[in-house]
Amino acid sequence: MQALNESGSFFLELFFSGLTRGSIYALIALGYTMVYGIIGLINFAHGEIYMIGAFVGLTVAGILSILQFNLIAILVLAALFAMVYAAAYGYTIEKVAYKPLRGSTRLAPLISAIGMSMFLREYVILAQTPDFVSFPALTEGLFDLGAFSSMIQPTELVILIFSFLMMAGLFILIKKTKIGKAMRAISQDREMAMLLGVNSDRMISLTFMIGSALAAFGAILISAHVGQINYNIGFVVGIKAFTAAVLGGIGSIPGAALGGIILGLTESFATGYVSSDYEDVFAFGILVLILIFKPAGILGKSTTEKV
Amino acid sequence: MVENIKKSSIIAVWFIFLSFPLVVLRVDYIDKTIDYRWHNILWIGIGAFFISWVWRYFLKRKNESDKSSEGKNQGTSASTSRFQVQKIFEHKFALLGILIAAAIVPQFMSTYQTSIFITAMMYVVLGLGLNIVVGMAGLLDLGYVAFYAVGAYTYGLLNLHFGLGFWISIPIAGVLAASFGVLLGIPVLRLRGDYLAIVTLGFGEIVRLVLENWDVVTRGPSGIPGIPKPAFFGVKLGFAGNMTYLFYIILALVVIAMVATRRLQSSRIGRSWVALREDEIACQAMGIDTTKAKLAAFGLGAFWAGIIGVFFAAKSSFVSPMSFTFFESAIILSIVVLGGMGSVLGVILAAGILILLPEYLRFMADYRLLIFGALMVVMMVFKPGGLITNIRQQYTLPKRNSKEELAELHSSET
Amino acid sequence: MKKFLSPVIVGLALLTAVAGCDKKEEATAANSPIKIGIAGAFAGDLAPYGIPQKNTINLAVEEINAAGGVLGRQIEIYAEDDACKPETATNVASKLIGEGVVAVIGHTCSGATIAAMSVYRDADIPVISSSATSPALTLGGQNPKFFRTIPHDKAQAELQTKFIVEHLKAKRVAVVHDKGDYGKGLAVLVKEGLEQAGVEIILFEGITPGAVDYSALIRKIARAKPDVIAFGGYHPEGSKIVSQARKKGLKTPFVSGDGLKDPSFIKIAGKYAEGYYVSSPADISTIAKTKEVTAQLKERGQQPGNFGLQTHAAITALVNAIEKAGSTDSDKLAAALRSNTVATTLGDISFDERGDVIGSGFSMYIVKNGDWVTVNY
């Protein structure tokens, strides 16, 4: 009985750790999937926006803590500034690197995105530092879990709660508001939507901004949990989130959320029950497995092509 | 003018706002210190002002030329086709010129320069190989580096365990990499576009992880040192001689790869790849076996990566998983796209730019990757079709007057 | 075209082979400067290791040149950045050889050094590294003219093993590494040493550097209840793991190598770093010459960093060898490096047959009140 309890609680621990990681993947995957849905572009610089969000958050948190604000105010303002700045960066990047390329070949924006991502990494190295820097534990004191803290850490619970709130907000935005309707219209048929009076350029910019803000929000939550950042943090997360978006069916918003969580859980259980040596092999393995059976991802629509 | 100043000023202010928390402020959270670098505002402002001006100017010119070329296309097609034929000849001469120059060049270069030119030429072959998959067959492959790794490790391991030489390893590695290509091809046959991209990316990562973790066979992250360079008919050449020898081997490989891709392009399979790229369903309807065409593209593309892998192992005499990251795949893909998808001369130029540029930018040490990334964006924005637009082979009939044609038509009818 | 191309290539290759032989061996004129190459990570994310190396060499060389140089000739330094990448390292090595250097000090990372080694061997150039600790470099016998002023990882692993067994009296140990060349190499050596000493290895796994968090692995470790966790890797991952483990309430002591002994480790991990054990080159701050060099660096606003003092010792040993050999001839230089003992910032050092340093060892440190303190046991 004792053994069963122990293995049961180990399972739960792994479950929560996977869920935490997965909800971060999901937040970032949303950015990929929204951009893809609306203009069919893999925004490789998305991971770098996440990283820039973390650095802006650190700057703001640092200034406010020198000014002796209280922890909650710091957390709120840091997250807010990070999101605003990430949105501004997302907007600018779209205008500089992708908009002039609209209507050209499918691969040209991809290369432009890879170039942009390199540029942003080097930019942060030069402007800030190539080293790891410590990030304040802003979310540590928010909850006191008492006896449950062996199962899930307070910082992890914060990530879970807030990322789910964010995602719920996004769903409402997409499903219920006029903006969401316009976005969906563009992703279905851009020319038709434009004929019906939707300002497509503005909607595309808005999509980039929302996606970037979500990524920055995720960056603040996870950085406060892990405690350090550097210019490279966006790379692995970006690739994983992209994987999650494809896993769930790229272009589908619930798909991105689901894909992120499946990926997080897979990694966590692979580490817990097999070995962390092959964590990524499992992550990509499940991707291949799902795509073999569902070539458009879990919730993706498999389009029948007309001839 | 006033309009431009106004626009550029707004952009300058916007970029100052964007860069402010990162470029001006630097906060140390532990020591509670803020480092202010106000002078950077000036640089960002001036830079953004002028760059945006130039940017707008060139963007306008590009749009205008796009429009005017559209207009031209509606005109007589004969004049454009003649123009293209001429261009093909120009390319041939340019290629020949590059080759001749390349053949003599190591006589005048230092060993270091020879060495980086070898690297550039390796990427030419890799670009030509990936071009088969991406450029011709239109299958987006982000894990091409995996086949490169397979080739390098094939030589490294065969040499370590069985003492096999360079020349014998080349065909083995080529065939092995090609079979890996086919192996990857089978599960992803049903996938399209971006799904394919992420699966191939995953495949590349998996190969690297296996190399890293499977110590018993691959020696893990410590890699395989001391891989011998090819001997020149049993003669030991010394350091400089070795480099020159490698230079000519890779030059020969470039020539062979160029001729092979050229011939492949106009072969039956090459044309079926183009059909596959343009419209898969129509291609199937024409009776082309798409499965076979796709697998052939993956296999043949991987074949070249395998061969260059062997060459890489011989050149650096050391292989480790660190050399086969996603970044490498991204660079090879950039060469293909930047070169103009399918153009041989384009691949050569792009490889030259992407590989030699960072080496020659060394004097700017800190800024070189920043400039490199920015340049990739700029080149794509202003030349999205790549440096050299590939011209599909045209079969021109002897020219006739439309009147004559009509007359002939009439006469044949009667 | 194809038919006559191959003989042409062979002919050209032959020509260059002959011409290539006498490309170097010039510039040994009596008063021309002696060229010494330095290579390492001087830009990019590992620059914090490489830049102090460059700085200390510049300091030492300026001093020597001001005093009239060596053998009446000035020393000229050629520095090249390899960013710790193996493929760049070979290019850098050939560049330095092309410049005509007589010896090279470098590279910073083991992987890059191993990659470049065959280039130096083919060119017959002595190399002294001050930070490449991979055992394969000397024990593998790749280049008979390779030396290093830092003891290799095997010595470090032996010390860690001894410390874990004798001082911490551990029976069950979890070994974690970062899958890197240095980290995994060290972890494997520690694991083998512990197994020989009869300690049970309950877990041996690699983490993915750059992953979002390591909580799943930490929970797995916590469940296995080890007496000690040995981690092989560098400080960014080290501080991430230890902070997450402590937050999780895991109080098991950690033991690591010199990759963690960096000021930023304590700075980032903060209170969670307390009680962390690392093995690192023995404390040399009491040696007079070391004090002097550190003070001089401080005057220029520089730090000796992790490997600066080892690098200073390397250039001192090299210059001493040039003086003793009376020439820059590769064979004489290597022989002189082997046969002489020289007073350096590391104390009196010499090199053994394989090129490893004699007279410099490792000791164990613990983080106490935000600082590194030597452990006496």
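Axes here are lines fitted to C-alpha atoms, for helices over the stretch in contact, and angles between them run from 0 to 180 degrees between N-to-C directions. With that in hand, let's walk through this predicted model, starting with a pair of helices in chain A.

Helix 3 of chain A and helix 4 of chain A pack with their axes 10 Å apart, at an angle of about 125°. Angles of 65 to 115 degrees count as roughly perpendicular and those over 145 as roughly antiparallel, so helix 3 of chain A and helix 4 of chain A are oblique to each other. The crossing of the two is right-handed.

Chain A places 52 residues in contact with 43 residues of chain B. Helix 2 (46–66), helix 3 (71–98), helix 4 (107–127), helix 9 and helix 11 of chain A each bring at least two residues to this side, and helix 4 of chain A gives the most, with 14 residues. Sorted by class, the side of chain A that touches chain B holds 37 nonpolar, 11 polar and four charged residues.

Now turn to the side of chain A that faces chain C. Here 30 residues of chain A are in contact with 28 residues of chain C. Helix 1 (2–39), helix 8 (200–226), helix 9 (233–248), helix 10 (253–274) and helix 11 (279–293) of chain A each supply at least two residues. The largest share comes from helix 1 of chain A, with seven residues. The classes on this side of chain A are 10 nonpolar, 14 polar and six charged residues.

Next comes chain B, which is divided into domain 1 (2–68) and domain 2 (82–382). The centres of these two domains of chain B, taken over C-alpha atoms, are 37 Å apart. The average pLDDT of chain B is 80, and 84% of its residues score at least 70. Among the elements of chain B, the lowest mean pLDDT, 59, belongs to helix 3 (residues 77–104), and the highest, 91, to helix 5 (residues 145–162). Please read residues 73–86 of chain B with some care: the pLDDT there is below 50, and beyond near neighbours in sequence this stretch has four contacts in the model.

Helix 5 of chain B has a partner worth a visit. The axes of helix 5 of chain B and helix 12 (residues 290–316) of chain B come within 6 Å and cross at roughly 45°, which makes helix 5 of chain B oblique to helix 12 of chain B. This crossing is right-handed. Residues of helix 5 of chain B including G151(B), A152(B) and Y155(B) take part, as do residues of helix 12 of chain B including A305(B), G309(B) and A313(B). The residues of this contact divide into 14 nonpolar and five polar, with no charged ones.

Our last stop is chain C. Its domain assignment gives domain 1 (34–152 + 285–361) and domain 2 (154–283 + 363–374), and 29 Å separate the centres of the two, taken over C-alpha atoms. Their contact takes 12 residues from domain 1 of chain C and 11 residues from domain 2 of chain C. On the domain 1 side, three residues are nonpolar, nine are polar and none is charged.

Conventions: Residues are numbered from 1 along each chain as its sequence is written. Chains are lettered from A and ligands numbered from 1 in the order in which they are written. This is a predicted model: local features need pLDDT of at least 70, side-chain atom pairs count only at pLDDT 80 or more; totals for chains, interfaces and linings use all residues. pLDDT is the predictor's confidence in each residue, from 0 to 100. Helices (H or I, at least four residues) and strands (E, at least two) are DSSP runs, numbered from the N terminus. Two residues are in contact if their C-beta atoms, placed from the backbone, lie within 7 Å. Domain bounds come from an automatic or database domain assignment. Ala, Val, Leu, Ile, Met, Phe, Trp, Tyr, Cys and Pro count as nonpolar, Asp, Glu, Lys and Arg as charged, and the others, Gly among them, as polar. Angles under 35 degrees count as roughly parallel, over 145 as roughly antiparallel, 65 to 115 as roughly perpendicular and the rest as oblique. A crossing is left-handed if the near helix is turned anticlockwise from the far one by less than a right angle, and right-handed if clockwise.
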